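The structure is shown first, and the notes follow it.

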Amino acid sequence: MARSGFPASPGEILALVRSGRVKTRRDLQELTGLSRSTVALRLSQLISAGYIRAVEQRRGTAGRPAEVLSFEESDKLVLAADLGATHARFALTDAGGRMLGERTEDLLIGQDPDVVLKIVIRRLRDLLKSAGRDRARLAGVGVGLPAPVDFRTGRPVQPPIMPGWHGVEVARTLSDALGCPAFVDNDANLLGLGEVRERYPGVDNLLFVKVGTGIGAGVILGGRPERGTTGQGGDIGHIRIARPVDGARCRCGATGCLAAHASGAALARQLTERGIEARTSRDVVRLVAEGDSAAITLVRDAGRLLGEVLATAVALLNPTVVVIGGDLALTREHLLVGVRERLYERTVSALTSSLAVVESQLGDRAGVHGARHLVIDQVFSAEAVDARLAPEV
């Protein structure tokens, strides 16, 4: 019998192996208190189902070879799509994160959802075909949208920049088309999940801020996204700033929103009003790289506005790391200097002394990595695995 409070089911044992807490059968026995026969039974079920592999590693010339347990990653495939306001990245990986195929392209998310989803499905199918991989090996598909998402249903919730998308069954549409489980989340949540798992595995609490066409945040608490009651957790772009730059109206219909003054779209508008050609956030980045003084000043001012809002978020959440990503993060220190200046100015030193404010290390790939982790977390959770193995238990 397992020790009180320790895992005993096959799914819980798989979770221990995936986490790296156990490497051998003896590790399992010592941690869980399960008998040798019970451990053998549980592992037999997991190995037969293709969840775990056991590989002998010889310790030299004497003694019995040690059997090392590991999650079987190479034969499980994940499709990922990170959809932004104006462009998209698609990827095919194995469960361990090895990139098997990838492509990016311009894609306007504000189009009719049927049009966008048909393109997404076509691109994901193309990746499978190009890699010569069997759809039967798909563990699932993960998709990030620049919108609040009801994660339980996989439907967008009143997205400001995606007219016609409210309540659309995105997850079901993708699942039916690709023949595997599909999971949909806010893009900033997946960006944050990708960063924390790939670059900050020892960090429990991280705040990812995406500054592109709009502004959003992914709140990672305890290593997992905190989505809020209606999927709108982290929607900081619609927090009202204390001193609006002008009377610009946000896409949500209100005035004074952070996104209306500090997003890439807002800066492009402000530059255009000054007679400098800029249509997108990437135009702003280009102008900064070219040394345009007006663009540099606007980006630094935007950083200060963002820092004001983040000061409150840091006080509430006390994260270890704040990661700045999205197109405007490509302006490097021009944005970060403003963020740090105002954030540290308005936050007590007890919070900032252990806080790092950094640029995204994964860049454009953070979202697809986050989508992969989302799929693996859901499909290979203890509950999901136990449900699939239930007839055999």
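R332 is partly exposed, because its relative accessible area of 41% falls between the 20% and 50% limits for that class. The model is predicted. R332 sits in the loop between β13 and α11. Its phi is positive, about 55°, although R332 is not a glycine. Most residues other than glycine have a negative phi.

N318 is a further case of a positive phi in a residue other than glycine, with a value near 50°. N318 belongs to the loop between α10 and β13 (321-325). With a relative accessible area of 40%, N318 is partly exposed. A positive phi also occurs at G291, which follows α9 and has a value near 85°.

**Helix α9 and its cover**

Which residues of helix α9 (residues 281-289) are buried? They are S281, D283, V284, V285, L287 and V288. The cover over these buried residues includes α8, α10 (293-317) and α11.

A polar atom of the Q270 side chain is 3.3 Å from the backbone oxygen of H261. When neighbours within four places in sequence are left aside, Q270 contacts H261 and L298.

A315 is located in helix α10. Its relative accessibility is 48%, so A315 counts as partly exposed. A315 and T352 are separated by 37 residues in sequence, and their C-alpha atoms are 9.3 Å apart.

T352 is also a contact of T347, together with A311 and V314, when residues up to four places away in sequence are not counted. T347 is in the loop between α11 (333-345) and α12 (349-352). Is T347 buried or exposed? T347 is buried, as its relative accessible area is 8%. The T347 side chain also reaches the backbone oxygen of L343, at 2.7 Å.

**Accessibility of the single residues**

| Residue | Relative accessible area | Class |
|---|---|---|
| T347 | 8% | buried |
| V68 | 21% | partly exposed |
| N318 | 40% | partly exposed |
| R332 | 41% | partly exposed |
| A315 | 48% | partly exposed |

V68 is part of strand β2 (residues 66-71). The class of V68 is partly exposed because its 21% is not under the 20% limit for buried residues. V68 and A54 are 14 residues apart in sequence, with a C-alpha to C-alpha distance of 5.5 Å.

**Helix α2 against helix α3**

Helix α2 (residues 25-32) and helix α3 (residues 36-48) have axes that come within 10 Å and cross at roughly 120°. The angle makes α2 oblique to α3, since the range for roughly perpendicular pairs is 65 to 115 degrees and roughly antiparallel pairs need over 145. The crossing of α2 past α3 is right-handed. On the α2 side the contact is made by R25, L28 and Q29, and on the α3 side by R36, V39, A40, L43 and I47. Sorted by class, this contact holds five nonpolar, one polar and two charged residues.

**Helix α6 against helix α13**

How far apart are the axes of helix α6 (residues 187-198) and helix α13 (residues 366-379), and at what angle do these helices pack? The axes are 7 Å apart, and the angle is about 85°. This makes α6 roughly perpendicular to α13, because the range for that term is 65 to 115 degrees. From α6, the residues in contact are L190, L191, L193, G194, E195, R197 and E198. They meet A366, G367, H369, G370, A371, R372, H373, L374 and D377 of α13. The contact of α6 with α13 comprises six nonpolar, five polar and five charged residues.

How values were computed: Residues numbered from 1 in each chain as written. Predicted model: local features only at pLDDT ≥ 70, side-chain atom pairs only at ≥ 80, totals over all residues. Heavy atoms only, no water. Axes fitted to C-alpha atoms, helices over the stretch in contact; angles between N-to-C directions. Helix = DSSP H or I, 4+ residues; strand = E, 2+ residues; numbered from the N terminus. Parallel < 35°, antiparallel > 145°, perpendicular 65-115°, else oblique. Left-handed = near helix turned anticlockwise from the far one by under 90°. Contact = heavy atoms within 4.5 Å. Nonpolar A, V, L, I, M, F, W, Y, C, P; charged D, E, K, R; others polar. Buried < 20%, exposed > 50% of the residue type's maximum accessible area, 1.4 Å probe, protein only. Polar contact = N/O pair within 3.5 Å; in protein donor to acceptor, adjacent residues only side chain to side chain.
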